[in-house]
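Here is a quick tour for anyone meeting this structure for the first time. Have a look at the sequence and the model, and then we'll walk through how some of the pieces sit together.

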Amino acid sequence: MQTSDVKIILIQYLPELIKLIGADSNFGWKDINNLLYKTVEKRTYKGVAESVVSWRNIFDIIIDAENKVKIAILQLDFLNELFYSLNGCLNLTEKKLIQSNIKNILKSSDYTYQNFVGEIAVLNNFIKTGDYELVGIEQKPLNCNPIDFSIKEKLTGTIKFIEVRSVYLKPVSTDNELIEFLTEKINDKVKSKTKDSEIPFHLILVLWGTKELLKVYSDFFKRCSLQIDNFTEPLCFLSICKGNGIVEHRVSRISKIFDSELSTENYSDGIST
């Protein structure tokens, strides 16, 4: 892969991202181009098999797609679909607010770019309902560290602070083990944000894992829920090949991700003011 201009590569593989950020000359392209160069260099040095496991930044995905790796092509297709949705839902002011998040996706040197993808996917699920508008990024509620984003409910004018945490799933043998695993992730995030007993934000987990792992967690949330204040059922992603080249990219509550027909219920439902 030629690394002379990262924007040319993104126009080819993530055109909807380029449309979303617009013609921003101060976007930090030099640093992003350097990461692309280092990714190509390390893959050449280490070999594809090792680097795919150890790196997996956004440019690893692009390089794999160039090499016709099916899962990488699907991942880029999902990202383009997400960026396309955001571009249609956000106004110019809101698009400027998420510039830092887009930069983080492109500048992350490993799989943690997915953390920022998770944040904008959650944001998109709120904004596309038409009920909310984005009013801030990394703002601080009272007695709290900065929160990922804040949204305003158009009907009431109520401001909601939303914090997103990506969780990389591990195998579990029992419901109790699953509950302990997720509760620990939730408590760690809450403690990193506030010491108050009343949590001034809503926490949404984004779950990442294999189809098999997602199924275990999905089955749990079909039967149970975590009774934790200001916590909403986790979100996850799944790409489903339906045959004849048709792929459906799903962004849904974990309990509904394997449903044959996804509910039209908005993900924002169930988050109280």
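Let's start with a pair of helices: α1 passes α5 in a left-handed crossing. Keep in mind as you look around that this is a predicted model. Helix α1 covers residues 6-13 and helix α5 covers residues 58-66, and the two pack at an angle of about 60°, with their axes 11 Å apart.

Which residues do the touching here? On the α1 side they are V6, I9, L10 and Y13, and they meet F59, I62, A65 and E66 in α5. Sorted by class, this contact has 7 nonpolar residues, no polar ones and 1 charged residue.

Next up is α9, which packs with two of the helices described here, α6 and α8. Take α6 to begin with: α6 and α9 pack at an angle of about 45°, and their axes are 10 Å apart. The two are therefore oblique to each other, and α6 passes α9 in a left-handed crossing. From α6, the residues F78, L79, L82, F83, S85, L86 and C89 take part, and they meet V117, I120, A121, N124 and I127 in α9. By class, that contact has 10 nonpolar and 2 polar residues, with no charged ones.

Now for the other partner. Helix α8, residues 99-107, packs with α9 at an angle of about 150°, with the axes 7 Å apart. Why is α8 called roughly antiparallel to α9? Angles over 145 degrees count as roughly antiparallel, so this pair gets that label. The crossing of α8 and α9 is left-handed. On the α8 side, N101, I102, N104 and I105 make the contact, while α9 brings Y113, F116, V117, E119 and I120. The class count for this contact is 6 nonpolar, 2 polar and 1 charged.

| Helix pair | Angle | Axis distance |
|---|---|---|
| α1 and α5 | about 60° | 11 Å |
| α6 and α9 | about 45° | 10 Å |
| α8 and α9 | about 150° | 7 Å |

On to the open spaces. The largest pocket has a volume of about 840 Å³. It is lined by 24 residues, and the closest to its centre are I71, Q75, Q114, W208 and G209. Which elements give two or more residues to this lining? They are α6 (70-89), α9 (113-127), β4 (202-208), α11 (211-223) and β5 (231-243). Of these, α6 gives the most, with 5 residues. As for the make-up of the lining, 16 residues are nonpolar, 5 are polar and 3 are charged.

Finally, a couple of backbone details are worth a look. Most residues other than glycine have a negative phi. Where is N230 found? Look in the loop between α11 and β5.

Definitions and conventions
Residues numbered from 1 in each chain as written. Predicted model: local features only at pLDDT ≥ 70, side-chain atom pairs only at ≥ 80, totals over all residues. Heavy atoms only, no water. 1 Å grid on protein atoms, 1.4 Å probe; cavity = no way out; pocket = protein on both sides within 12 Å on 5 of 7 lines; lining within 4 Å. Points joined across faces, edges and corners; volume = space filled by probe spheres on them. Helix = DSSP H or I, 4+ residues; strand = E, 2+ residues; numbered from the N terminus. Nonpolar A, V, L, I, M, F, W, Y, C, P; charged D, E, K, R; others polar. Axes fitted to C-alpha atoms, helices over the stretch in contact; angles between N-to-C directions. Left-handed = near helix turned anticlockwise from the far one by under 90°. Contact = heavy atoms within 4.5 Å. Parallel < 35°, antiparallel > 145°, perpendicular 65-115°, else oblique.
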